[in-house]
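Hi,

Here is the structure I said I'd pass along. Have a look at it first, and then read on for what turned up.

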Amino acid sequence: MTVAIRYQTRNGNTQAFAEQIASVAGVPAQSIDTPVEQADTLFFGGGTYFMKNLDPTKIKQIALFTTSGGPEMVSDKALTKIATEKGIPVIGHFHQVMGGKGMKIIGSTGGKLKDEQIELVKEFAQKMLAQ
């Protein structure tokens, strides 16, 4: 099975999650600037404009991961909609709130994950790779 990981990050949080997924998948986490040549499973965290450029003939399924300062955002739903319209099945979605009740707001110097966040994203990656 071929796996690719692509991410876009503003403050380091999405990159930190991508790197944890990479440690489970055994492939590098790469910026969305790196084209996806072929992937049975694509882990993707980032903006909708990248999703619009995906070639559905090169990707069999996609697992989305997102971060935000609050509840699941409209863009999370937009990513699923774009993938569905392209005919790329979404096999899972991991969303992590990085600010709010019970969480420290990380801000522009993000990318520092708590142990429980690392555990959650690694569990997500393992579950997606088993599909």
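Predicted model: local features only at pLDDT ≥ 70, side-chain atom pairs only at ≥ 80, totals over all residues.

Let's start with the inside. The largest nonpolar core has 20 residues, and the ones touching the most other members are Ile5, Phe17, Ile21, Phe43, Phe65 and Phe124. At least two residues of this core come from each of strand 1 (3-7), helix 1 (13-25), strand 4 (59-68), strand 5 (90-97) and helix 4 (115-129). Another core lies apart from it, with 16 residues that include Val36, Met51, Leu64 and Leu79.

Is Thr14 buried or exposed? Its relative accessibility is 9%, so Thr14 counts as buried, the cut-off being under 20%. Leaving out residues up to four places away in sequence, Thr14 touches Tyr7, Gln8, Thr9, Gly45, Phe65 and Thr67.

Then there's helix 4. Its 15 residues reach 21 Å from first C-alpha to last, close to the 21 Å expected at 1.5 Å a residue. Which of its residues are buried? In helix 4 those are Gln117, Val121, Phe124, Ala125, Met128 and Leu129. Looking down the helix 4 axis, the buried residues fall within an arc of 130°, so they line one face of the helix. Strand 1, helix 1, strand 3 (39-45), strand 4 and strand 5 are among what covers them. On the face of helix 4 turned away from the buried side, you'll find Asp115 and Lys127, which are exposed.

Cheers

Conventions: Residues numbered from 1 in each chain as written. Heavy atoms only, no water. Core = buried A, V, L, I, M, F, W, Y, C linked by side-chain atoms within 4.5 Å. Buried < 20%, exposed > 50% of the residue type's maximum accessible area, 1.4 Å probe, protein only. Helix = DSSP H or I, 4+ residues; strand = E, 2+ residues; numbered from the N terminus. Contact = heavy atoms within 4.5 Å. Expected span 1.5 Å × (residues − 1). Arc of directions from axis to C-beta.
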